[in-house]
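Q: Please take a close look at one strand and its surroundings. Then cover the charged pairs elsewhere in the chain.

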Amino acid sequence: PPRSTLFPYTTLFRSNWGEPLLHPGFHQLVQIADAASIWTRTSSNLSIRTGFVPERIVDAGLRYLVVSIDGATQVGYEQYRIRGDLGVVLANVAALIKARDRSGAVWPLVEWQFLALRANVHELDGARRLARDLGVDVFRYGGARGRMSSKLRLSTPANFAQSADLLLEPSHPLSEYEPSGAKQISRRGPR
């Protein structure tokens, strides 16, 4: 179908508030978008313990996958991803990249997103090495934001105060917050 009648958009982005890859129609939605020349991107924690079939993601035509992996060790990872299993996530990333490469496809590009917290910032270099060893296409990192569960209910400073035990000190170069708890307008330090 022509884009103008069925899909007036050029990008389809699915993320936040749930695991999109668990939706039973995810692959079909991506296939429909791909057939209409719509760029598809999603975010996942890729913490899928059973039923993960990476070939379905590759075959559907997903263009970009952001995988949230906030640690290089199980101890660091589970500080933010409560009850998460880093081994499962890394195995799923490896399987997806292997399926993509085996098929000869260039998609999806895989991004490792590392949200830096007090408890895991020391694992940043180790995470970067793991990403490189797995063949991840993009490694991106930055300071974590306040708790998602209260983001809609609280002002930024109040959310920062509620989340301060997890977040980097405002003086840290990766922090996204000012000492007042306000969101930084311009970022300091290396990115």
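A: A crossover is right-handed if, with the strands pointing away from the viewer, the path from the first strand over the helix to the second runs clockwise. Helices (H or I, at least four residues) and strands (E, at least two) are DSSP runs, numbered from the N terminus. Strand 2, helix 3 and strand 3 make a β-α-β unit of the right-handed kind.

This is a predicted model, in which local features need pLDDT of at least 70 and side-chain atom pairs count only at pLDDT 80 or more, while totals for chains, interfaces and linings use all residues. Residues are numbered from 1 along each chain as its sequence is written, and side-chain values use heavy atoms, with hydrogens and water left out.

Strand 3 is the part to look at. Buried means under 20% relative accessible area, exposed over 50%, and partly exposed in between (1.4 Å probe, protein chains only).

Now its neighbors. Two strands pair if DSSP finds at least two bridges between them. Strand 3 pairs with strand 2 in the parallel sense, over 4 bridges. There, Tyr64 is the bridge partner of Arg41. Strand 3 also pairs with strand 4 (residues 109-116), again parallel, over 5 bridges. Here Ser68 has Gln113 as its bridge partner.

Next, the charged pairs. A salt bridge is a side-chain nitrogen of Lys or Arg within 4 Å of a carboxyl oxygen of Asp or Glu. The whole structure holds 8 salt bridges. Glu55 sits in helix 3 and Arg102 in helix 5, 47 residues apart, so the pair links distant parts of the chain. Glu55 is partly exposed at 32%, and Arg102 is exposed at 52%.

Asp85 and Arg49 form another, at 3.7 Å, N to O. Asp85 lies in the loop between helix 4 (74-77) and helix 5 (86-103), and Arg49 in the loop between strand 2 (39-44) and helix 3 (54-60), so the pair ties together parts 36 residues apart in sequence. Asp85 is partly exposed at 26%; Arg49 is exposed at 52%.

Arg100 and Asp101 also form a salt bridge, with the closest N and O atoms 3.2 Å apart. Shared partners join Arg100, Asp101 and Asp137 into one network. Arg100 is buried at 6%, whereas Asp101 is partly exposed at 47%.
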